[in-house]
Amino acid sequence: RMAAASSEDQELTLKLLRIIANIYEEKLDAPARAIDIHRRLLDLREAEMPSLEVVIDWHRQRNEHRDLRDRLQQWCVLAPEEESRIARLLEIARVSQQKLNDPEEALSAFGRVLELEPEEDEARAGLEGLVSSITEPKLRKRWLQMQLATAEGERAIELRLEIAQILETDLEDVAGAVKELKALIEADEAGAAGAGFEPLARLLDQRDAYDQLVELLKARAEGLEGDDNKLEALDEAINLCHDKLPESHLDIREQLYRSVLELRPADRDVRVRLARLLREAGRFEDLCALLEATLASADDSQQIATLHELGRIRLLNLEKEEAAQEAYEKINDLAPEDESALLARAQLAWKGKDLARYLDLRRAQAKLLEPREAALVLCHLAEVCDENAPVKGRMVGFYREARALDPENVPAMEALKGIGRRLKTLRPAAALLPLEGERELEAEERASRLKALGDGALASNPAT
């Protein structure tokens, strides 16, 4: 002992102390002194496993439960093989639960056993036996999480719901409760259609997490059985979108609209909302596809309105004149006297330089108008003929028709006078726009000035 005490070589000291401990145990039958030496060994080298075994046995024989548990925990930290720790961890759990009335340490030990061996029967039974002694919320949550590690089916759902309830109510950790309920929905075969929906929806609403709530409702609709149940969830999600979310959430809105239309194709309000969304996003090809799909279930009046929009989009946004022409021709089949369709078809004929067709379509449109207004349209057609040699022969007929409709139409009267006098030019006396050089103006400029002239006349005398 004097040599061990004076040695500066730790290995020599350890060797001497081991010899001393052996002498006390084997020769002198002095276990108490031997224990002192083993403790000294452990102070010098924590991983002195033979000494640790002796100390553990010493405390166990003398029912020194707290010291026993401390040394068992030390042993578990140093044990080279994880599987070898299970028996000692179970002993720690038993001592903590039965001798020290420490359910928290018992819970921790059982939990570590189940991490190493999820099917260990004593650990599982021990956890079950702890239920009545665990009342503190954090400890209760921990116990539930350990139970959850081996639970399945309905039992796993019940455990997650209780964990979420503790997080929300006892620990005031709403974010943690939301996370737990999301995990429940992900693990549950029923998904958002199962038991996790109601509590999660309530918490998301409380936190104003409306974007997540909309996603949850959408997922619920996908998981529910029966079209009516699905539509109820989708309608709620759409209403929430419009009430609580900014216009920027376009993707989820579109998904919801399309989901509703798959189940309820005749829902005009939702179809209009989807069309508006596509239009505002500039997705005109998709908008045309939606409008085309609408035609199949629409009545005649709805078909006409839909075809008008199709024609406008194809002409103005997509610059597909043939496709636009097709839409307006279909309107003509349904409503031959639809003025807007006649004008659109005339515009296309003008762009295509088909003057004869342009004249015929505008003349058909004029027949739908009040006589004085129709006479002005016919005068315009006469001017078109005057300016284009291939149709010049039709000019006089248009002026005469205009005069017959409105005897006081000045351009028609002046034109027919000039024709009677065999004047070489009828303009500008017979022009709709009484302005020198008006014939040379571009069509847009002439139209602008005519509109200004008409607005002025209307302001001074509404009867005109």
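A salt bridge here is a side-chain nitrogen of Lys or Arg within 4 Å of a carboxyl oxygen of Asp or Glu. Glu-292 and Arg-314 make such a pair, with their closest N and O atoms 2.6 Å apart. Please keep in mind that this is a predicted model, in which local features need pLDDT of at least 70, side-chain atom pairs count only at pLDDT 80 or more, and totals for chains, interfaces and linings use all residues. Residues are numbered from 1 along each chain as its sequence is written, and side-chain values use heavy atoms, leaving out hydrogens and water.

**Salt bridges**

- The count by this rule comes to 32 salt bridges.
- Arg-160 and Glu-180 meet through their side chains at 2.7 Å, N to O. Arg-160 lies in helix 10 (residues 153-170) and Glu-180 in helix 11 (residues 174-187), so this pair ties together parts 20 residues apart in sequence. Helices are DSSP runs of H or I with at least four residues, numbered from the N terminus.
- Both Arg-160 and Glu-180 are buried (buried means under 20% relative accessible area, exposed over 50%, partly exposed in between, with a 1.4 Å probe and protein chains only).
- Asp-267 pairs with Arg-264, their closest N and O atoms being 2.8 Å apart. Asp-267 is buried at 14% relative accessibility, whereas Arg-264 is partly exposed at 26%.
- Back at the opening pair, Glu-292 is partly exposed at 39% relative accessible area, while Arg-314 is buried at 11%.

**Surface patches**

- Patches are made of residues with over 30% relative accessible area and no salt bridge; like charges are joined within 9 Å, and nonpolar side chains (Val, Leu, Ile, Met, Phe, Trp, Tyr) within 5 Å.
- A patch of negative charge gathers Glu-198, Asp-227, Asp-228, Glu-232 and Glu-236. Helix 14 (residues 227-244) gives the most to this patch, with four residues.
- Glu-198 sits in helix 12 (residues 197-206) and is exposed, with a relative accessible area of 54%.
- Ile-19, Ile-23 and Leu-28 form a nonpolar patch with about 260 Å² of accessible area together. Leu-28 lies in the loop between helix 2 (10-26) and helix 3 (31-44).

**Helix 22**

- Its 17 residues (371-387) should span 24 Å at 1.5 Å a residue, and the end C-alpha atoms are 24 Å apart, which agrees. The expected span is 1.5 Å times one less than the number of residues.
- Buried residues in helix 22 include Ala-374, Val-377, Leu-381 and Asp-386.

How values were computed: Areas by Shrake-Rupley, 256 points an atom, 1.4 Å probe, with all protein chains shown as cover. Lys, Arg positive; Asp, Glu negative; His and termini not counted. Charge placed at Lys NZ, Arg CZ, Asp CG, Glu CD. Helix = DSSP H or I, 4+ residues; strand = E, 2+ residues; numbered from the N terminus.
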